[in-house]
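Open the model in a viewer and keep the selection tool at hand.

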Amino acid sequence: MLNWSDYDPNGFYDELFEARGKARPSAQALVDYLAGMNREELADRRVAADLAIKSMGITFTVYTQGSMLDRTWPFDILPRIIDSREWARTQAGLKQRVQALNLFIQDIYNDKKIIKDGVFPVELLEQSVNYRPQCEGMRPKHGVWAHICGSDLVRDGDGTLYVLEDNLRVPSGVSYMVENRLVTKRVFPELFAHSSILPVDEYPAELYEMLASLSPRDGDEPVIVLLTPGIYNSAYFEHAYLAQQMGIELVEGPDLVVGDDDCVYLRSVEGLTRVDVIYRRVDDLFIDPEAFNPDSMLGVRGLMRAWLKGNVGLANAPGCGMADDKVVYAYVPEIIKYYLDQDAIIPNVPSFLCHRQQDCEHVLANLDKLVVKPANESGGSGMLIGPRSNESERKAFAEQIRKNPRNYMAQPTLNLSVCPTVCDDSAIEPRHLDLRPFILSGESQYVTMGGLTRVALVKGSLVVNSSQGGGSKDTWIVEVED
């Protein structure tokens, strides 16, 4: 039988245990249940999870050495648990954050009051690689630009939950959140019968309702499509899954055409059908060869024209990535204060901005202690994790920072929280993790009940991305009696 007193989180904040062998109230039922299992039974449940993932076809794509590999989704059967009372506050903080970011984007593309008032530096906007001049003057329906946001949360050693970064362009991973729950129900069905685990399966319906609220034709049943780059995209599984769950068409660029009336139409054997809303999973620069990259084969010629004239809804809106910038991230507490006159409910991780001379000098002097990030990379690429770097890596990174200080910011290395994780020999060991909840914004706001917990499966690693050896866990928001 499992002896939880043998489990040692090595001094890190643990998501399931408040002290060695003592479960947090929200995790008590799970811990008691697992204590009645031995390693062989745990290994059997793990095999059951792997079989479920294969039979359900849950995959992700890894690009390596010029080729693509489809791999089954890496999953750990032990869930991460959060008390519903803490989650209520987290939800409020996420809604506050995205509301302020949408007001910021709207202002930046229109009146630029935040710049005129000296709160946000104009030079950051001028040097932003994701600012789209083509969007100037646009006011999308509901004033919302970032309709789907995935904000990454991390917990430090003292239990404080921080926002690590915001993903506003084409955030991915929500399908795995839903699928993780389905797999866990197959592995531990008895736990769901006796625990107050809040559901996550309403997300596709909430996403559909949000998208429908963007339709330019009120009163009619909107025609909604999901625009994908195609089967070779790393998130294609998610594109197909969400389209199927919402009952909408999954389309590629050549399936759509913009007519002489500047409306978007879907080609089919029956002719042309007007499209009201496009959930686009194609990056800005490829959505319209007329407005952006003329060589793009992924987008729809004239799509920006149709959107700017209000004839089609686009989620997320082009240009919202300018608020996705990791340097802009450092200004979000001021952005919240400026637009909402509120203090941020969820704090940022303390940050150093290399375009500020004093910050830059501090970063260059402490590269061995900091995590340094480029402003616009994703998936954990292009980072320097100081404590795990060597002298030559730090020297090369220092040179990059000096060449383009605007493109870099740094943060202290956090003592990320851990959670019990089943390892290859069915031993249970602590592994570091983060959390990506998803926030929908349209006519109203919605936050997922939990999110995608990503876990670093390699011992001691802080890298949670599946493309770099990470995996995921189901996230349980559990109601606990006072």
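**Salt bridges**

Start with Glu15, which counts as buried at 2% relative accessibility. The model is a predicted one. Arg155 is in strand 6 (residues 148–155) and Glu15 in the segment before strand 1, so the pair ties together parts 140 residues apart in sequence. Arg155 is buried too, with a relative accessible area of 3%.

Next, select Asp276 and Arg217, whose side chains meet in a salt bridge (2.6 Å, N to O). Asp276 is in the loop between strand 12 (271–274) and strand 13, while Arg217 is in the loop between helix 8 (203–212) and strand 8 (224–227); the two are 59 residues apart. Asp276 counts as buried at 0% relative accessibility, and Arg217 as partly exposed at 28%. Now extend the selection around Glu15: salt bridges with shared partners join Glu15, Arg80, Glu86 and Arg155 into one network.

For another pair, pick Asp8 and Arg20, a salt bridge at 3.6 Å, N to O. Asp8 lies in the segment before strand 1 (17–19) and Arg20 in the loop between strand 1 and strand 2 (22–23), so this bridge ties together parts 12 residues apart in sequence. Asp8 is partly exposed at 31% relative accessible area; Arg20 is exposed at 53%. The structure holds 30 salt bridges.

**Cysteines**

How many disulfides does the structure hold? The count is 0. Select Cys149: the closest cysteine sulfur, in Cys320, is 9.0 Å from its own, too far for a bond. Cys149 is buried at 0% relative accessible area. Move to Cys320, where the closest cysteine sulfur is in Cys135 at 8.8 Å, again too far for a bond. Cys320 counts as buried at 1% relative accessibility.

Centre on Phe104: beyond its neighbours within four places in sequence, its contacts include Ile114, Phe120, Met322 and Tyr339.

**Surface patch**

Finish with Leu285, Phe286 and Leu298, a nonpolar surface patch with about 220 Å² of accessible area together. Phe286 sits in the loop between strand 13 (277–280) and helix 10 (303–308) and counts as partly exposed at 32% relative accessibility.

Notes: Residues are numbered from 1 along each chain as its sequence is written. This is a predicted model: local features need pLDDT of at least 70, side-chain atom pairs count only at pLDDT 80 or more; totals for chains, interfaces and linings use all residues. Side-chain values use heavy atoms; hydrogens and water are left out. Patches are made of residues with over 30% relative accessible area and no salt bridge: like charges are joined within 9 Å, nonpolar side chains (Val, Leu, Ile, Met, Phe, Trp, Tyr) within 5 Å. Accessible areas come from the Shrake-Rupley method with a 1.4 Å probe; for residues, only the protein chains shown count as cover. A salt bridge is a side-chain nitrogen of Lys or Arg within 4 Å of a carboxyl oxygen of Asp or Glu. Helices (H or I, at least four residues) and strands (E, at least two) are DSSP runs, numbered from the N terminus. Buried means under 20% relative accessible area, exposed over 50%, partly exposed in between (1.4 Å probe, protein chains only). Contact means heavy atoms within 4.5 Å. A disulfide is a pair of cysteine sulfur atoms within 2.5 Å.
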